[in-house]
Amino acid sequence: MFGLLFFILFTPGVSEFLCMSSDLEMSYTFCDSTAHAFRFNLTPCSIMNNSVWKATLTWIPRSDTTFLKIVFKVWYDGAKALHWKEVLCSGADDEYAVCGMLKGETIATTFDIKGARTKFPKGNYNIILQAFSDDSENNMVICLNFTMIVKQDTF
């Protein structure tokens, strides 16, 4: 079953239902109290096929993205499962479309999320995605808190 995941994030503190299929439910909220201009599409709304998720992102950042560091934390049924950090933009030879954008400019890009190839066990996932405009992680640009419920084992 293929579905479409589409959301626009503008209001802080509001939990928003994103996606529901026979095997997956997703929702989000902001981690901080600041309103954001953010839109994201993801297809398919399923984890049962082993394809790559196709994502489209539209975002107006609150600061320049000459430097951009992503921190990705995942909890599975309450236990920490992953803590991953990656510098996406360093100011030199950057490969991502978000790199080098100025505060207030609209970022519009598409990309693949290869996590759809992962076999997710049935259960509840809490995913925190933070973006920082500095390496010391003091200047947070955006923070999203996703809830993902996998309804059946994929293996």
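Lys85 and Glu137 form a salt bridge, with 2.9 Å between the closest N and O atoms; a salt bridge here is a side-chain nitrogen of Lys or Arg within 4 Å of a carboxyl oxygen of Asp or Glu. Because Lys85 lies in strand β7 and Glu137 in the loop between β9 and β10, this pair ties together parts that are 52 residues apart in sequence. The model is predicted, so local features need pLDDT of at least 70 and side-chain atom pairs count only at pLDDT 80 or more, while totals for chains, interfaces and linings use all residues. Residues are numbered from 1 along each chain as its sequence is written, and side-chain values use heavy atoms, with hydrogens and water left out.

**Salt bridges**

- Five salt bridges are found in a search of the whole structure.
- Side chains of opposite charge can pair when their charged atoms come close.
- Both residues of the opening pair are partly exposed, Lys85 with a relative accessible area of 42% and Glu137 with one of 23%; buried means under 20% relative accessible area, exposed over 50%, and partly exposed in between (1.4 Å probe, protein chains only).
- Strands are DSSP runs (E, at least two residues), as helices are (H or I, at least four), and they are numbered from the N terminus.
- Lys151 is partly exposed at 27% relative accessible area, and Glu25 is likewise partly exposed at 23%.
- Lys54 and Asp112 meet through their side chains in a salt bridge of 3.0 Å, N to O.
- Since Lys54 belongs to strand β5 (residues 53-60) and Asp112 to strand β8 (residues 107-113), the pair ties together parts that are 58 residues apart in sequence.
- Lys54 counts as partly exposed with a relative accessibility of 47%, and Asp112 is partly exposed with 38%.

**Aromatic pairs**

- A pair of aromatic rings is described by the distance of the centres and the angle of the planes.
- Rings of Phe, Tyr and Trp (its six-membered ring) pair if their centres lie within 6.5 Å; planes under 30 degrees apart count as stacked, over 60 as edge-to-face and the rest as tilted. The count by this rule is three aromatic pairs.
- Phe72 and Trp84 have ring centres 6.2 Å apart and planes at 85°, so their pair is edge-to-face.
- With Phe72 in strand β6 (residues 68-76) and Trp84 in strand β7 (residues 79-89), this pair ties together parts that are twelve residues apart in sequence.
- Phe72 is partly exposed at 24% relative accessibility, and Trp84 is partly exposed at 39%.
- The ring centres of Tyr76 and Tyr125 are 4.9 Å apart and their planes are at 40°, so the pair is tilted.
- Tyr76 lies in strand β6 and Tyr125 in strand β9 (residues 123-132), so the pair ties together parts that are 49 residues apart in sequence.
- Tyr76 is partly exposed, at 26% relative accessible area, whereas Tyr125 is buried, at 6%.
- Tyr76, Phe120 and Tyr125 are linked into a cluster by ring pairs.
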